[in-house]
Amino acid sequence: MPEKFSAETYKKDFESKDSCNARIKHILSYAIRAPSTHNSQPWKFILTGNRLSIINDESIRLPKSDALGRYRHISFGYLIHHIVLLAAYSGTQTMTRLGRAPVIAEIEFHTQHGVFDVTIAPLINALCSRRNRRGIFERDSAIPHNTLEAASARSPLFPAALAKPECAIASGRTVACIASCTAEGMRRAYRSNAFRREMASWITPTGSWRKTGIPGYSLNQPAILSWLLPNIIRFIDIGRFLSKLNVTSISSAPCVFGFAGDDTVSSWIGVGFQASHTALTLTAARFDVSVYVAAMEYDDTRREAGRAFGFSHPLQFLFATGALKGNVSWCTPRVPVSQKLTER
Ligand SMILES: Cc1cc2nc3c(=O)[nH]c(=O)nc-3n(C[C@H](O)[C@H](O)[C@H](O)COP(=O)(O)O)c2cc1C
């Protein structure tokens, strides 16, 4: 990934590639900017001609914080959206099919006209600049109605193979109600020693060379605390304290987006695909997106939050949005494609 990347850099580099294989690899080098639960990047790739198989890397496990695999599959949905979007920007049509475990999906690439679609450039710039920030939202950072409408509309690239999710926007008092449901879930999760041990192993201290995990700086931690935090979490239940921070942050957001669907793989991937489209549309309009607590693993709190959104299906995923205070220059690291890809 180039130091300074953007839709323009992507286009220039894409045009310099003279084979289908090199172009697909170029798409992947940007697509891995997709966010994933705990920055676990649970994917591997096999490239055979114009066919890309996206594989579930079963050696990357989150048994306590993602027992069902919901957040892993939502992460795959984000990844597939990034691939399909980058291909569409480059004038390349894709056909996405779901696969059989451990294959998550297969994507075929067909160059149609090869002309870049400039209408997609703002989303590609958003893909390059987006990062998951946590913090307090500016007061009066209301999001214009037309932006909310565009963000909640279904992605025009949504693959036929995926189950279509429900999407809803909560604002005002409903945001506080949803925040308190997530806080209750967080308090309960942190009571478990096994959950805390797992969580601690996914926090990457600032300055570490590790390319996976949630970096301390992205959690707004001073460098020293980011080295201590994993041990604090491992041995002490600070769930009450963290859930208070979480409620304060989510409650300060002008809006929370929720996504709902059945508890199936196709639905989770569909949720991730749509959530990615929604998040990039908001980022392109210069709003921040904050996945603070996606984990709503307890049936009662999940049901209550789902009711607050007015969903007819179970709530699967949510994020807060608005304008976060301050600016940041960091970019969450990724494992390079070369370490994830096999060519046949
Ligand atoms: C499905 C999914 C679930 C996530 N769950 C959480 C969460 O519960 N808490 C949190 O702080 N971040 C969560 N995140 C944000 C990731 O930690 C973040 O996207 C990842 O570290 C990569 O960083 P980036 O988004 O800045 O590129 C989640 C992201 C995804 C895609």
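1. A search of the whole structure, which is a predicted model, finds one cavity of 30 Å³ or more. The volume of this largest cavity is about 50 Å³, and its lining consists of Pro 35, Tyr 78, Arg 130, Asn 132, Ala 279, Val 289 and Val 291. By class, these lining residues divide into five nonpolar, one polar and one charged.

2. As to where the cavity sits, domain 1 (7-131) and domain 2 (145-322) both give residues to its lining, so the largest cavity lies between them.

3. The ligand is surrounded by 22 residues, and the closest of these are Arg 130, Asn 132, Tyr 292, Thr 332 and Arg 334. A nitrogen atom of the ligand is placed 2.5 Å from a polar backbone atom of Tyr 292, while an oxygen atom of the ligand has a polar side-chain atom of Thr 332 at 2.6 Å. For Arg 334, an N or O atom in the side chain lies 2.6 Å from an oxygen atom of the ligand. On its own the ligand has 620 Å² of accessible area, and the protein covers 94% of it.

4. The shell around the ligand divides by class into eleven nonpolar, seven polar and four charged residues. Helix H3 (residues 70-89) provides the largest share of this shell, with four residues, and at least three residues of the shell come from each of domain 1 (7-131) and domain 2 (145-322).

5. Which helices and strand each supply at least two residues of the lining of the second largest pocket? They are helix H4 (121-129), helix H10 (265-284) and strand S9 (288-290), and H4 gives the largest share of that lining, namely four residues. The lining of the second largest pocket also draws at least three residues from each of domain 1 (7-131) and domain 2 (145-322).

Technical notes:
Residues numbered from 1 in each chain as written. Predicted model: local features only at pLDDT ≥ 70, side-chain atom pairs only at ≥ 80, totals over all residues. Heavy atoms only, no water. Near = heavy atom within 4 Å. Polar contact = N/O pair within 3.5 Å; in protein donor to acceptor, adjacent residues only side chain to side chain. Areas by Shrake-Rupley, 256 points an atom, 1.4 Å probe, with all protein chains shown as cover. Nonpolar A, V, L, I, M, F, W, Y, C, P; charged D, E, K, R; others polar. Domains from an automatic or database assignment. 1 Å grid on protein atoms, 1.4 Å probe; cavity = no way out; pocket = protein on both sides within 12 Å on 5 of 7 lines; lining within 4 Å. Points joined across faces, edges and corners; volume = space filled by probe spheres on them.
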